Amino acid sequence: MSVKNEPSFRQSVDMMFNRAVKLMDLSPGLEEKIRVCNATYKVNFGVRIRGDIRTFTGYRSVHSEHMEPVKGGIRYATGVNQDEVEALAALMTYKCALVEAPFGGSKGGLCIDPREYSEHELELITRRFTYELAKRDLISPAQNVPAPDMGTGEREMAWMADQYRRMNTTDINSNACVTGKPPHAGGIRGRVEATGRGVQYALREFFRHPEGVAAAGLAGKLDGKRVIVQGLGNVGYHAAKFLAAEDGAIITGIIERDGALVSADGLDVEDVYHWIGQHGGITGYPNAKHVEDGPKVLEEPCDILIPAALEAVINLSNAERVQAPLIIEAANGPVTAGADEILRKKGCVIIPDMYANAGGVTVSYFEWVKNLSHIRFGRMGRRQEEARHQLIVDELHRLDEHLGDSWSMTPDFKTRYLRGADELELVRSGLDDTMRSAYLSMHEVWQSREDVEDLRVAAYLVSIGKVAASYRAKGL
Ligand SMILES: NC(=O)c1ccc[n+]([C@@H]2O[C@H](COP(=O)([O-])OP(=O)(O)OC[C@H]3O[C@@H](n4cnc5c(N)ncnc54)[C@H](O)[C@@H]3O)[C@@H](O)[C@H]2O)c1
């Protein structure tokens with residue numbers, strides 16, 4: 001999405017980058033090397049759909065190869081263009097560096113509205129797009145590892161992995177060519193909700209630090225905070241659901257493509273999500289007030305605003321009217337560089353995208369490692385296994401007592417089920433740990449340096465520092 005009279009998404013990311021590098025001591029050459037996108041590949045390919053050949057345009061951009069493979073999602077949306085994938089690829093570089101996922105940055109996209117195609121047609125299109133990318137090493141376990149993004153999910157990743165495998169039958173690591181696959185097709189438990197879960201962990205960590213909370217003019221914890229979410233897709237749905245169910249936040253607004261729902265008493269996220277699933281939008285949802293002009297709800301009073309849909313939704317045209325004291329950028333680039341400045345001057349605290357939505361790539365990293373190691377993630381040593389065994393036996397007793405006949409599985413399956421739960425526990429604790437330590441690294445810079453005004457610049461300083469160190473150590 002581009003906004004009139006504002007820099008493009010790519011330029012906006014560069015302006016934010018420039019604000020940070022001004023405070024660093026990098027040589028101009030290195031600064032330029034980090035900023036620019038290494039390469040962007042554009043493909044136009046044909047697929048026979050409903051008896052006729054249709055041409056689709058796709059992109060894969062590689063921003064930085066200071067670490068390989070490079071990593072980043074593939075987006076299916078009509079607005080996909082070169083500027084957008086390059087901006088998103090750059091953000092991936094900074095994001096991976098910030099959370100210490102050992103990847104360079106990449107991103108891809110296909111200009112398509114997936115709602116216009118049947119599942120079978122989407123599979124044909126996805127397989128063809130995968131073929132086009134994989135034959136140029138733009139999908140490869142060692143070089144470029146996509147993941148889900150807007151408009152794609154586990155299903156598309158499973159098709160991509162299968163297509164890659166067919167093209168590389170002797171590659172024993174083929175499963176690691178994409179992440180975000182379903183757990184029964186080489187994925188990892190906890191990946192599907194990882195980005196939303198990461199948003200929750202990021203907010204929890206933010207509220208552990210009184211200086212940041214006070215800077216936003218807030219107090220206390222997440223409990224009772226009024227939250228507005230834009231986009232009830234993968235990221236927005238999971239973030240809203242976990243914040244409401246586990247932290248006592250009140251979801252007072254949900255903004256979707258076809259308007260917004262508002263309720264001062266709080267919306268039932270699960271109920272709204274199911275309504276959207278059944279009806280294709282929020283229109284007609286009976287248990288809340290419907291606001292036709294959805295984006296207007298971004299300006300409503302609340303404690304925390306979570307844009308979790310598109311880029312540039314908070315821009316020069318509405319930033320002045322945004323009332324939220326705290327914005328967490330679950331989406332990539334939801335605040336333009338111009339809006340960022342306005343909000344900063346108003347005292348709004350922004351938890352920046354490169355940190356806020358890093359949960360996805362963090363758990364993708366776990367999945368990639370699991371695929372490469374060909375071993376169950378977090379497989380334990382014998383002594384730990386024995387201790388764990390006792391816990392499993394106890395847990396089985398507990399489930400038998402509570403669930404009785406409804407827990408109608410064989411003891412063997414129960415054991416395996418609970419062993420599977422180990423993976424989820426490890427994923428969650430690894431994600432929590434990552435989100436906490438990445439926050440601390442930004443927070444420390446934000447609070448200790450007078451010249452660092454906000455968390456975004458702090459995040460850029462930390463991540464650019466790491467990318468620069470990597471280039472210096474390895475040479476170019
Ligand atoms: N999926 C991930 O793991 C992941 C990881 C990191 C960042 N992100 C970022 O999060 C954002 C959302 O991604 P997602 O995976 O949740 O996508 P998604 O396709 O699952 O969901 C997007 C949601 O936004 C809604 N939406 C679309 N246009 C809208 C509009 N104009 N106004 C209001 N709502 C609108 C859609 O209806 C949908 O419910 C993107 O910026 C993406 O880059 C996603």
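**Overall fold and annotated sites of the predicted model**

The secondary structure of the protein chain comes to 15 helices and 12 strands, where helices (H or I, at least four residues) and strands (E, at least two) are DSSP runs numbered from the N terminus. The structure is a predicted model, in which local features need pLDDT of at least 70, side-chain atom pairs count only at pLDDT 80 or more, and totals for chains, interfaces and linings use all residues. Residues are numbered from 1 along each chain as its sequence is written.

For its 476 residues, a compact globule would have a radius of gyration near 23 Å, and the 22 Å of the protein chain agrees with this; the radius is taken over C-alpha atoms, and the globule rule is 2.2 Å times the number of residues to the power 0.38. Along the principal axes, the C-alpha atoms fill a box of roughly 60 × 55 × 50 Å. Of the 476 residues, 49% count as buried, that is, with 20 or more other C-beta atoms within 10 Å of their own, the C-beta atoms being placed from the backbone.

Turning to the annotated positions, the UniProt annotation "active site" (unreviewed entry) covers Lys-107; such annotations may be inferred rather than shown by experiment. Lys-107 is found in strand β4 (residues 104–111) and counts as buried because it has 32 C-beta neighbours inside 10 Å. Not counting residues up to four places away in sequence, Lys-107 touches Ser-61, Gly-72, Gly-73, Val-85, Leu-88, Ala-89 and Met-92, a contact being two C-beta atoms, placed from the backbone, within 7 Å.

The UniProt annotation "binding site", also from an unreviewed entry, covers Lys-71, Lys-95 and Ser-364. These span 294 residues in sequence, yet no two of their C-alpha atoms are more than 12.8 Å apart, so they gather at one spot. Lys-71 belongs to strand β3 (residues 70–77), while Ser-364 sits in helix α12 (residues 359–373). Both are buried: Lys-71 has 28 C-beta neighbours inside 10 Å, and Ser-364 has 30 other C-beta atoms within 10 Å. Leaving aside neighbours within four places in sequence, Lys-71 is in contact with residues including Met-92, Phe-103 and Ser-364, and Ser-364 in turn with Lys-71, Ala-147, Thr-179, Gly-180 and Arg-191.

Elsewhere, helix α6 (residues 194–206) and helix α8 (residues 234–247) pack at an angle of about 45°, with their axes 7 Å apart. Among the residues that meet are Val-199 and Leu-203 in α6, and Phe-242 and Leu-243 in α8.

Technical notes
A residue is buried if 20 or more other C-beta atoms lie within 10 Å of its own, exposed if 12 or fewer, and partly exposed in between; C-beta atoms are placed from the backbone. Axes are lines fitted to C-alpha atoms, for helices over the stretch in contact, and angles run from 0 to 180 degrees between N-to-C directions.
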